[in-house]
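I opened a notebook page for this structure and looked up a few things in turn. The entries follow in the order I made them.

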Amino acid sequence: MSVQGVSGFALEVPDVAQAVRFYEDAGLQVSAGGTLTHMRCPGQDRDAVTLVQGRHKRLHHVALRAAGLADIARRVPTYGGKVVAAPEHFSHTGLWIEDPHGMLLHLVEQPREIPLPAGNRFAINEPGNIGRINRSAIQPISQSAAGIPLRLGHVLVFTPDTMRSVEFVTQALGMGLADHAQDVIAFCCARSNSDHHVLAFARSPGIGFHHASFLVRDPDEVGRAGRRLVEKAGMGDWGFGRHTVGSNFFHYIQDPWGSWFEYYADMDFIDDYALWTPTNYTLEDSLANWGPPVPSDFVHNYEMGEMTSS
Ligand SMILES: [Fe+2]
């Protein structure tokens, strides 16, 4: 009777064609157009990104895969949220709710994503532990995988009260708190069979979209895909690096409106939340274990009224 994963997210953007170009450059494909433009990872059976025309870039909603919608609907008001009507142009199926800060969520009953086929195992040679013998790790560039986004992994949103957002998604939506860093950033998972985080919160004066993260196969693909998108997008980036919290390798590339697209690989996996112990990290560990200097606007909420682009 709870959230089982992230399904997608919707953004209002001032220039839908520009947003489509950005996400196509990132490796996604348009699946349907019209008033709403839907985009998905190649080979996937569901949309990850929905774009709708707006005056500014703004988070429209996050879609979460869930079971037991009637039970969730009963719990939502107890924890400061409310059940709302489907917004104009969007599906009336599932359950639409607002969290205590007015962030719109769409809970949908749907099966898991199409299982991803296993590739060659990423094996490294360490002192005392040779994992790859008599073959090269790296193929010529012309034969190297470019780094196709395989599925949406998580969405990180801004919130004015991180721990209240955590209380809402854990108590009303049945998620788990995986880890957090004080009351500044928190990472939430599904209670079984989940990436370390599928929905995360960072403190800001208001709500907003910070980034969405897409899985690629291994750290080399994070590197290749990240460099490719940096060069195409012409905006800022942060990476290649590795997070402490969640352990994933990352590369973030800034979208035309100042928020971020992340490629990730090798994230911690929580098979059974009862076997996981959440850690409260210091702020030193809240961003990266290692990586380049953090861009000055990495945690700036451009939805608070300061736009970088028309
Ligand atoms: Fe992320």
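**Cysteines**

At 0% relative accessibility, cysteine 188 counts as buried. I note that the model is a predicted one. I then looked up cysteine 189, which also has 0% relative accessibility and therefore counts as buried.

How many disulfides does the count come to? It comes to zero. Cysteine 188 is in no disulfide, and the nearest cysteine sulfur, that of cysteine 189, lies 7.1 Å away. I wrote down the reason from the side of cysteine 189 as well: its closest cysteine sulfur is in cysteine 188, and 7.1 Å is too far for a bond. The cut-off that matters here is 2.5 Å between the sulfur atoms.

**Iron site**

Which residues coordinate the iron ion? I found His154 (NE2), His211 (NE2) and Glu262 (OE), at 2.0 to 2.1 Å. Along the sequence, these donor residues follow the spacing H-x56-H-x50-E. Histidine 154 lies in strand β11 (residues 151–159) and glutamate 262 in strand β19 (residues 260–265), so the pair ties together parts that are 108 residues apart in sequence.

Histidine 154 has a relative accessible area of 1% and is buried. Glutamate 262 is at 0% relative accessibility, so it counts as buried.

**Helix α4**

I compared the length of helix α4 (residues 219–233) with what its residue count predicts. At 1.5 Å a residue, its 15 residues should span 21 Å, and the end C-alpha atoms are 21 Å apart, which agrees.

Next I listed the buried residues of α4, which are Pro219, Glu221, Val222, Ala225, Gly226, Leu229 and Val230. Where do the buried residues of α4 fall, seen down its axis? They fall within an arc of 155°, so they line one face of the helix. What covers the buried residues of α4 includes α1 (16–26), β17 (237–242), β18 (249–254) and β19.

**Aromatic rings**

I searched the whole structure for aromatic pairs and got 17. Phenylalanine 22 and tyrosine 23 make an edge-to-face pair, with 5.3 Å centre to centre and 85° between the planes. Both phenylalanine 22 and tyrosine 23 are buried.

Phenylalanine 90 and tryptophan 96 form an edge-to-face pair, at 6.0 Å centre to centre and 70° between the planes. Is phenylalanine 90 buried or exposed? At 10% relative accessibility, phenylalanine 90 counts as buried. Tryptophan 96 is buried, with a relative accessible area of 3%.

I also noted one aromatic cluster, formed by Phe9, Phe22, Tyr23, Phe209, Phe214, Phe261 and Tyr263.

**Serine 31**

My last entry concerns serine 31, which lies in strand β2 (residues 29–32). Its relative accessibility is 34%, so serine 31 counts as partly exposed. Leaving aside residues up to four places away in sequence, I found that serine 31 touches His38, Met39, Arg40 and Asp47. I looked up aspartate 45 too: it is 14 residues from serine 31 along the chain, and the two C-alpha atoms are separated by 9.9 Å.

Key: Residues are numbered from 1 along each chain as its sequence is written. This is a predicted model: local features need pLDDT of at least 70, side-chain atom pairs count only at pLDDT 80 or more; totals for chains, interfaces and linings use all residues. Side-chain values use heavy atoms; hydrogens and water are left out. Rings of Phe, Tyr and Trp (its six-membered ring) pair if their centres lie within 6.5 Å; planes under 30 degrees apart count as stacked, over 60 as edge-to-face and the rest as tilted. Buried means under 20% relative accessible area, exposed over 50%, partly exposed in between (1.4 Å probe, protein chains only). Donors are N, O and S atoms within 2.8 Å of the metal (3.2 Å for Na, K and Ca); water is not among the atoms, so sites may look incomplete. Helices (H or I, at least four residues) and strands (E, at least two) are DSSP runs, numbered from the N terminus. The expected span of a helix is 1.5 Å times one less than its number of residues. The arc is that of the directions from the helix axis to the C-beta atoms. Contact means heavy atoms within 4.5 Å.
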